[in-house]
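Let's take a walk through some side-chain contacts in a protein chain. Keep the structure open beside you and find each residue as it comes up.

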Amino acid sequence: MSIIRGYSQLPEDTASDIGGQLARRMERLRKRLAKVRHTVAIVSGKGGVGKSAIAANLAVRLASEGLAVGVLDADLNGPSAARLLGVRGAVLQVSDDQVEPATGAAGVKVMSMDLLLASEESPVAWSGPKSESFLWRGTLEANALREFLADTAWGELDYLVIDVAPGADRIAPVHDLIPDLGGAVVITIPSSLSRAIVSKSVTMLGDRSIDAIGYVVNMAGYLCPDCGGRRPLFKADQIAFDGIARLAELPFDPEFGAATDAGRPGVLEWPDSLAAQAIAEVAGRVRMHMEG
């Protein structure tokens, strides 16, 4: 088992029996995921749209409904799930060739590269032959993601929420490891630039025949502290994606966001807020899609 070292260097036996190693790892992955009822990816082609915060709050909302939920932070180079779910600095326990995930807010199980780094300021150091670093890096990232899925003792889960790294190209590695991915929720903000970039991820979902459950518009205005009305943050046309349902709009809420950033997800800290209500709506739509 190499989940602790896998992020920084190639396995020592990479050069021998590659086909056999891969087959064994994929079989271990298959057995692990057999205990997961539903998998849902949270995707966005663009960074900075609040995708990870929504993923964390969605997972907590599902868990608060009595479901067993895990979060896989698939953003290996910019991990944030551990912080958002209140387990940054947790010590991972390794036993019997598996790793026990950290337990975050509402009992959500968490596996994130952030749990393997010395501090929040520490970057991920991918090591390999310098002359071919652009090739080895992809291999290392794929190995690490596979180990996160296969070597984590997720146990019986109703939902595994996967926080996919920004970029349309990041969807493929996740789908390769989870070919029966249950569906995806797309996150955008109400700007024409965001829509243009995020649309590439929507296209990738279609190309991969992954069900797009719908999209969420984050930072959809803010509540005026004086009049209480909703005001726009962006001057943009109506954001929409062809053939995909709009699940919810989340207004910009400083209190909700600050609580989530501090590891106290807003759906718990501010349950009556408009943002929390929107997350509840998304959770309901996800469950409807997955459970029928």
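Start with arginine 170: its relative accessible area is 29%, so it counts as partly exposed. That label covers the range between buried (under 20% relative accessible area) and exposed (over 50%), worked out with a 1.4 Å probe on protein chains only. Glutamate 141, at 11%, is buried.

These two residues form a salt bridge, and their closest N and O atoms are 3.0 Å apart. The bridge ties together distant parts of the chain: glutamate 141 belongs to helix H4 (residues 133-150), while arginine 170 sits in the loop between strand E7 (157-163) and helix H5 (171-177), 29 residues apart. Helices (H or I, at least four residues) and strands (E, at least two) are DSSP runs, numbered from the N terminus. As for the salt bridge, the term needs a side-chain nitrogen of Lys or Arg within 4 Å of a carboxyl oxygen of Asp or Glu.

## Where the numbers come from

This is a predicted model, where local features need pLDDT of at least 70 and side-chain atom pairs count only at pLDDT 80 or more, though totals for chains, interfaces and linings use all residues. Residues are numbered from 1 along each chain as its sequence is written, and side-chain values use heavy atoms, leaving out hydrogens and water.

How many salt bridges does a search of the whole structure find? It turns up 12. One of them pairs glutamate 65 with arginine 61, with 2.9 Å between the closest N and O atoms. Glutamate 65 is partly exposed at 29% relative accessibility, and arginine 61 is partly exposed too, at 30%.

Another joins arginine 246 to glutamate 249, where the closest N and O atoms are 2.2 Å apart. Both ends are partly exposed: arginine 246 at 24% and glutamate 249 at 33%. There's also a network, in which salt bridges with shared partners connect Arg61, Glu65, Arg287 and Glu291.

## An aromatic pair

Rings of Phe, Tyr and Trp (its six-membered ring) pair up if their centres lie within 6.5 Å; planes under 30 degrees apart are stacked, over 60 edge-to-face, and the rest tilted. That rule gives one aromatic pair here.
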